[in-house]
Amino acid sequence: MSGSDSGAAGAVATPIGLTRKGAPAPAGNAPSLRPSTLRVPFHVLAKPTGPICNLDCEYCFFLSKESLYPGDRFRMSDDLMAEYLRQFIGAQPDGEVTVAWQGGEPTLMGVDFFRRAIESAESVRRPGQQLLHTIQTNGTLLTAEWCDLLARHRFLVGISIDGPPDIHDRYRVDKRGGPTSARVLRGLALLQSHGVDVNVLCTVHAANQDRPLDVYRYFRDELGLTFIQFIPIVERENETGFQEGDTVSDRSVDPAAWGAFLEAVFDEWVTRDVGTVFVQLFDAALATWCGLPSTLCIFRETCGDALALEHNGDLYSCDHFVEPDHLLGNITTTTMVELVTSPKQRAFGQAKANSLPAYCRSCAVRFACNGECPRNRFTLTPDGEPGLNYLCAGYKSFFTHIDGSMRLMAQLLRSGRYADEIRGILATAGRNDPCPCGSGRKAKACHGR
């Protein structure tokens, strides 16, 4: 799988005021259900090849989903694709509508499938809607023909890279266990030469958790990437591939290391890159400090509006819960709007808030975290209550660490200025003056280093 975070609204992170720029149904002949007149904003990651991928990344949580559909070809039919787009676009309010494709590896469907999908989407778009097409890919199958299509229709392309080749090739391997970085970088170069908007999705795990600046600077300085997502790998040890058990693999990121990774990147970013490099998690945090809803579902109080559509029309509660217990139904027999607004899905989203431990409810950074994603809530609080997030220590350290800088940027925005002005404010502090970030340390020991 190319890697995913179901909270991501499309392949490219959206900057928040940082700069002046600112039972399975048959695969074919899907019946067309009566369109709904209800407008319900929600996000869907559509998986036209299901979990099928040309790579064999060691930490991929989605490859095991193949067992849900034994004997299946894992290819979305044109009829189902058209029905999905008709229902999804028809349910969205006017304005921007993001059509997101993921996998597995969606480019296995071929260029022509996506040509037809674009035509189908345009045919059902209302005049007040603007379509934004996104795709997440490992980049190894991209060609000039692919990039011509992506550029022409202004796709936002997420490409999965875990850092410099020695890091990337540790876990992101092909079916023979061989390295993939050279092929990925060839795909990236093609995208960049065609002027395609690119966002890098970097998973953070045992192989790169102690090299945050090597990873960040590689993206920024060597690859010229300015939109970055960091996704923690938390891999449960079990035989099912589902969100079960309370132990993790040795590939999983360490909670404290996850926090330290984010802090190191943030300190580099806030002193020199605000406004020129956009890190999705930092943008989401800034929105929260500004009193706005988080742009990522993992940090919202409730969830349930980011769903996953399988290749055969099965709709699941979330990309990270493609499991029998979270199958809502099939869009060829029940409309997507009915499934999204069903009591089962509403209960799924509300459970995130209802299950939050008392330890988290009294936490000083709860407003920024809200217990993160339920998929990672499988450890115990200090007083033995279940439901603590495995990554709690890292998030608590990180959100505490950035508090002063976030307050300063939020204050700039509220006063009609720009968040990137923080760079000048931090740079002008005397070495022995208190750091303007509010940490209480001298500038020379903080952001004035």
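Select helix H7 (residues 255-272) and H13: their axes lie 6 Å apart and the angle between them is about 20°. Helices here are DSSP runs of H or I with at least four residues, strands are E runs of at least two, and both are numbered from the N terminus. Axes are lines fitted to C-alpha atoms, for helices over the stretch in contact, and angles run from 0 to 180 degrees between N-to-C directions. H7 and H13 are therefore roughly parallel to each other, a label given to angles under 35 degrees.

The model is predicted: local features need pLDDT of at least 70 and side-chain atom pairs pLDDT 80 or more, while totals for chains, interfaces and linings use all residues. Residues are numbered from 1 along each chain as its sequence is written, and side-chain values use heavy atoms, without hydrogens and water.

Now show the side chains where the two helices meet. On the H7 side, the residues include Trp258, Leu262, Phe266 and Trp269; on the H13 side, they include Tyr395, Phe398, Ile402 and Met406. Contact means heavy atoms within 4.5 Å. The residues of this contact divide into 12 nonpolar, 5 polar and 2 charged. Nonpolar covers Ala, Val, Leu, Ile, Met, Phe, Trp, Tyr, Cys and Pro; charged covers Asp, Glu, Lys and Arg; the others, Gly among them, are polar.

Stay with H13, which gives 3 residues, the largest share, to the lining of the largest cavity. Select Cys360, Cys363, Cys369, Gly371 and Cys392, which lie nearest the centre of this cavity among its 13 lining residues. Elements giving two or more residues to the lining are helix H11 (358-361), helix H12 (366-369), strand S12 (386-389) and helix H13 (392-414). The cavity holds about 120 Å³ of space. On a 1 Å grid over the protein atoms alone, a cavity is a set of points where a 1.4 Å probe fits but cannot get out; a pocket is an open set with protein on both sides within 12 Å along at least five of seven lines; lining residues have an atom within 4 Å of a point.

Next, go to Tyr59, Cys60, Phe61, Val234 and Glu235, the closest to the centre of the second largest pocket among its 30 lining residues. Its lining has 10 nonpolar, 11 polar and 9 charged residues.

Then pick Asn54, in the loop between strand S1 (43-46) and helix H1 (78-91). Its side chain makes a polar contact with the side chain of Asn138 (3.0 Å) and another with that of Thr140 (2.8 Å). A polar contact is a pair of N or O atoms within 3.5 Å; within protein, one must be able to donate a hydrogen and the other to accept it, and residues adjacent in sequence count only if both atoms are side-chain atoms.

Finish at Gly103 and Gly104, joined by a cis peptide bond with omega of about 15°.

Technical notes:
Grid points are joined across faces, edges and corners, and a volume is the space filled by probe spheres set on the points. Angles under 35 degrees count as roughly parallel, over 145 as roughly antiparallel, 65 to 115 as roughly perpendicular and the rest as oblique.
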